[in-house]
Amino acid sequence: MRLRLDLAYDGTGFRGWARQPGLRTVQGTLETAIARVLGGDPQLVVAGRTDAGVHASGQVVHLDLSDAQRARLEKGRNPTPAALAARLTGVLGPYPDVAVHRSAEAPAGFDARFSAVWRRYEYRIADLETSYDPLERGRTTTVKARLDVEAMDAAARSLIGLHDFAAYCKWREGATTIRTLLEFGWRRDEHGILVANVKADAFCHSMVRALVGACAAVGEGRIDVSEAAAIRDAGIRTSETKVLAARGLTLTEVGYPADDLLALRAEQTRARRSPAGDGGED
C-alpha cells in the first residue's frame, strides 16, 4: 500500500528536508514518528526537498507500507489510512514544528516527486516601507532599502518561460538547469510586505532564492529591470545579485495531473531527469 501524506513545517529548527546523520531534519523527524506508530524502517519520498530554514505549508510525500506496517495501521478503532495523520499528531506532541494534515491511500501510479507537474513557492520581504513585525521574523526576510515593487514585478515577469536557469542555480554535477517558470510576480500585501509568487515545473538548487535576490537588486535600483533576463541568458552566476535568506521562503503547493495520468507523468519525468542530480529542490 502506498500512502500520500500532506504536511507543513516551520523550517527554522531543521537542517533541511533530507535525512542527515546527527542532524535534525524534517524527513528524519517524520520517519522516526512513523516508525513509532507503524514499526519498520519508513522511507519517505518528497515532492521537493527544501534547504535548511525553508518552510512548507503544502508539502507532499509518499510512503510505501510493508505488510507488517499495514497490519499495524489496520488495528484499532479507525483502521484506515486517514487515521495515520491523527496518530502521528499524537506522537509529534503539542505545538510541533512539523504537522501531517492529511493521510490517504495514494491513487495508482502516484509518485510524490515524479508525478508532480508543478511546485509553487512564496517569498516574503520586509523593506524600509514596512513596519518590523517580530511575530513574522521566522518567515520574512528584511532588506534595508526601499524596494520598487513595480520594477521587481516587471523583472520577475521577464523571466517567465522555458529557459536554462544555470545563472540562478547552484551547480550540481549531472543535474539539468532547464526549467519552465510558469508564474513569477510580486505584490505588497495589506501590511506592506512584498510577496513573490513563484511557480515552475520544478526548481534546481537555490533557484527561487536566487531569482528573488535578482528582483531585490532591481527593486533597490542596483541593476536595471532588463538585466534579470540578461543574467539568465548569459548563463553565468554574478555577484551583482545574491541568494536571499532561507527564512523568507515557503513551499505552498504541489500540483499533480488527473489520477489516470499519474503513472505516465512519473515515467516522463524520470526519463528527463537524473535521479541523483536533480530533485527539483530549493
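A disulfide here is a pair of cysteine sulfur atoms within 2.5 Å.

The model is predicted: local features need pLDDT of at least 70, side-chain atom pairs count only at pLDDT 80 or more, and totals for chains, interfaces and linings use all residues. Residues are numbered from 1 along each chain as its sequence is written, and side-chain values use heavy atoms, with hydrogens and water left out.

**Stop 1: the cysteines**

Stay on Cys 215. Its relative accessibility is 0%, so Cys 215 counts as buried. Buried means under 20% relative accessible area, exposed over 50%, and partly exposed in between, with a 1.4 Å probe and protein chains only.

The structure holds 1 disulfide. The bond joins Cys 169 to Cys 204, with an S to S distance of 1.7 Å. Cys 169 sits in the loop between β7 (161-164) and β8 (178-188), and Cys 204 in the loop between β9 (194-200) and α5, so the pair ties together parts 35 residues apart in sequence. Helices (H or I, at least four residues) and strands (E, at least two) are DSSP runs, numbered from the N terminus. Both Cys 169 and Cys 204 are buried.

Select Ser 206 next. Ser 206 is in the loop between β9 and α5. Its phi is positive, about 70 degrees, although Ser 206 is not a glycine. Most residues other than glycine have a negative phi. Ser 206 is buried, with a relative accessible area of 6%.

**Stop 2: α4 against α5**

Two packed helices are described by the angle between their axes and the distance between the axes. Show α4 (residues 149-158) and α5 (residues 207-220). Their axes come within 8 Å and cross at roughly 140 degrees. That makes α4 oblique to α5. Axes are lines fitted to C-alpha atoms, for helices over the stretch in contact, and angles run from 0 to 180 degrees between N-to-C directions. Angles under 35 degrees count as roughly parallel, over 145 as roughly antiparallel, 65 to 115 as roughly perpendicular and the rest as oblique.

From α4, Ala 151, Met 152, Ala 155 and Ala 156 meet Cys 215, Ala 216, Val 218 and Gly 219 of α5. The residues of this contact of α4 with α5 divide into 7 nonpolar, 1 polar and no charged. Ala, Val, Leu, Ile, Met, Phe, Trp, Tyr, Cys and Pro count as nonpolar, Asp, Glu, Lys and Arg as charged, and the others, Gly among them, as polar. Contact means heavy atoms within 4.5 Å.

**Stop 3: α1 against α3**

Move to α1 (residues 26-38) and α3. The two helices pack at about 110 degrees, with their axes 9 Å apart. That makes α1 roughly perpendicular to α3. On the α1 side, select Thr 29, Leu 30, Ala 33, Ile 34, Arg 36, Val 37 and Leu 38; these meet Leu 84, Arg 87, Leu 88, Val 91 and Leu 92 in α3. The residues of the contact of α1 with α3 divide into 9 nonpolar, 1 polar and 2 charged.

Pick Ala 83, in helix α3 (residues 83-92). Ala 83 is buried, at 8% relative accessible area. Beyond neighbours within four places in sequence, Ala 83 is in contact with Asn 78 and Ser 103. Ala 83 and Ser 103 are 20 residues apart in sequence and 7.2 Å apart in space, C-alpha to C-alpha.

Is Tyr 95 buried or exposed? Select Tyr 95, in the loop between α3 and β4 (98-105). At 84% relative accessibility, Tyr 95 counts as exposed. Its phi is near 55 degrees, a positive value in a residue other than glycine.

**Stop 4**

Select Arg 124, in strand β5 (residues 118-126). Arg 124 counts as buried, at 7% relative accessibility. Leaving aside neighbours within four places in sequence, the contacts of Arg 124 include Glu 136, Arg 139, Asp 189 and Gly 248.

Finish at Gly 58, in strand β3 (residues 55-64). Gly 58 is buried, with a relative accessible area of 15%. Leaving aside neighbours within four places in sequence, Gly 58 is in contact with Leu 7, Leu 251, Thr 252, Glu 253 and Val 254. Gly 58 and Glu 267 are 209 residues apart in sequence and 23 Å apart in space, C-alpha to C-alpha.
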